[in-house]
Structures are given as structure tokens and as C-alpha cells.
Amino acid sequence: MVFPMEYILQENKMVQKKKGKFWHVEKAVSKVDPIFHVEVFDKDVLSRDDKLGWAQFDLTRVPAPTKTAKECTLDVYENEDLYPRMSLFDKRKIAGFWPVFDDSLGSKVLTGKVEMELEILGEEEVAERPAGKGGRNLTATQN
């Protein structure tokens with residue numbers, strides 16, 4: 001998925017533009033922390049989908065992911081020595097496994113693991129590598 005955004009590097013803030021009341025011509029601009037929120041649901045055919053867990057990342061302090069699902073525990077969020085924090089804006093691309101959890105009963109309970117690749121692209125890079133193309137060469141070949 002592609003999420004367009006504006007980021008102010010000097011302030012470590014994202015620019016959020018929201019349309020106000022219907023009579024407002026211009027959008028209201030605010031600066032917010034670059035938070036990425038992930039929710040994982042099951043897929044039920046006949047009943048409502050159930051939320052399995054969630055995770056939330058400050059994109060300026062993303063915990064290092066694990067390389068395999070087996071290594072992935074809640075320690076990723078709690079142990080900064082083993083899983084140092086990194087800025088996605090500096091690193092540009094981070095891939096691996098992160099735990100998702102449920103904390104509705106007061107304490108975090110590991111409910112799953114999600115494999116993700118997070119990547120920051122500039123406008124020129126987005127045009128060169130559109131989402132969903134997987135880096136494949138899409139030019140037709142002649143037989």
C-alpha cells in the first residue's frame with residue numbers, strides 16, 4: 001500500500017491537512033508525530049471479522065524487526081539493547097517481523113506476528129517503481 005505524506009525532517013513531524021467545515025475553502029494544516037498504526041484482523045465469511053492484535057510505530061524510532069517469525073516476541077518493544085530503535089526516514093527501508101499484541105485486559109499479550117516491509121520513497125522513486133509492480137520489468141518482449 002502507498003500512503004502519500006509530507007514530512008518535515010528538521011522537526012521530525014508529518015504535515016497533516018484536513019478539510020474543515022464545508023464552507024472552509026482551505027485545508028487546516030497541523031504537524032503531528034509520524035505514527036504508523038497496524039491492526040490485524042481474521043477473515044470471517046459469515047460473521048464479523050475479529051481484531052487479533054495491533055502494533056504502533058513512531059517512524060522516527062522503529063524497533064529493529066526480527067529476521068524470522070520464531071524469534072519475534074514482545075521483547076522487540078521492550079528491550080532496546082537487543083532491538084535498537086531506528087528512523088525509517090534515515091534508513092529508508094526496513095523489513096522483517098514485528099509482534100502484534102492485545103492489551104485490552106491491561107497487559108500486553110502476544111497474539112500474532114506480522115511480516116512487513118516499510119519503505120520511504122521520494123516522488124521520483126514512486127514514479128519509477130509504482131506500488132504493486134514488485135520491481136518486475138513490465139516491458140513487453142517480442143517473440
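**Entry 1: the core**

I began with the largest nonpolar core, which has 22 residues; those that touch the most other members are Phe57, Val62, Tyr77, Leu88, Ile94, Trp98 and Met116. For my notes, a nonpolar core is a set of buried Ala, Val, Leu, Ile, Met, Phe, Trp, Tyr and Cys residues joined through side-chain atoms within 4.5 Å. Buried means under 20% relative accessible area, exposed means over 50%, and partly exposed is in between (1.4 Å probe, protein chains only).

With four residues, β8 gives the most. Helices (H or I, at least four residues) and strands (E, at least two) are DSSP runs, numbered from the N terminus. As background, nonpolar side chains in soluble globular proteins tend to be buried together.

A reminder to myself: this is a predicted model, where local features need pLDDT of at least 70 and side-chain atom pairs count only at pLDDT 80 or more, while totals for chains, interfaces and linings use all residues. Residues are numbered from 1 along each chain as its sequence is written, and side-chain values use heavy atoms, with hydrogens and water left out.

I picked Ile94 and listed its contacts, meaning heavy atoms within 4.5 Å. Leaving aside neighbours within four places in sequence, Ile94 meets Val62, Pro65, Met86, Leu88, Met116, Glu117 and Leu118.

**Entry 2: the rings**

Next I looked at the aromatic side chains. Rings of Phe, Tyr and Trp (its six-membered ring) pair if their centres lie within 6.5 Å; planes under 30 degrees apart count as stacked, over 60 as edge-to-face and the rest as tilted. How many aromatic pairs are there by this rule? The count is five.

One of them joins Phe57 and Tyr77, a tilted pair at 6.4 Å centre to centre with 40° between the planes. Phe57 lies in strand β5 (residues 51-58) and Tyr77 in helix α1, so this pair ties together parts that are 20 residues apart in sequence. I checked burial for both: Phe57 is buried at a relative accessible area of 1%, and Tyr77 is buried at 16%.

Tyr77 also pairs with Phe101: the ring centres are 5.7 Å apart and the planes at 70°, so I noted the pair as edge-to-face. Here Tyr77 in helix α1 is linked to Phe101 in strand β8 (residues 93-102), 24 residues apart. I wrote down the whole cluster that ring pairs link: Trp54, Phe57, Tyr77, Trp98 and Phe101.

What sits over the ring of Phe101? I found the charged end of Lys108, 4.6 Å from the ring centre. The rule I used needs NZ of Lys or CZ of Arg within 6 Å of the ring centre and within 35 degrees of the ring normal.

I finished with the contacts of Tyr77, not counting residues up to four places away in sequence: Ala55, Phe57, Pro63, Arg85, Trp98, Pro99, Phe101 and Lys108.

**Entry 3: two loop residues and one in a strand**

Thr66 lies in the loop between β6 (62-63) and α1 (75-78). Is Thr66 buried or exposed? Thr66 is buried, with a relative accessible area of 4%. A polar atom of its side chain lies 3.0 Å from the backbone oxygen of Thr68. Beyond four places in sequence, Thr66 is in contact with Glu71, Cys72, Val76, Tyr83, Gly96 and Phe97.

Ser87 is in the loop between β7 (85-86) and α2. Ser87 is buried too, at 15%, and touches Leu59 and Thr60, not counting residues up to four places away.

Leu110 is in strand β9 and is partly exposed, at 36%. Its C-alpha atom is 6.6 Å from that of Leu74, 36 residues apart along the chain.

Last, I traced the strand pairing; two strands pair if DSSP finds at least two bridges between them. Strands β1 (residues 6-8) and β2 (residues 13-19) run antiparallel, joined by three bridges, with Tyr7 partnered by Met14 in β2. They form a hairpin with four residues between them, and Asn12 in the turn has a positive phi of about 50°. I then followed β2 to strand β3 (residues 27-32), where the two pair in the antiparallel sense over six bridges. Gln16 stands opposite Ser30 in β3.

Conventions. A polar contact is a pair of N or O atoms within 3.5 Å; within protein, one must be able to donate a hydrogen and the other to accept it, and residues adjacent in sequence count only if both atoms are side-chain atoms.
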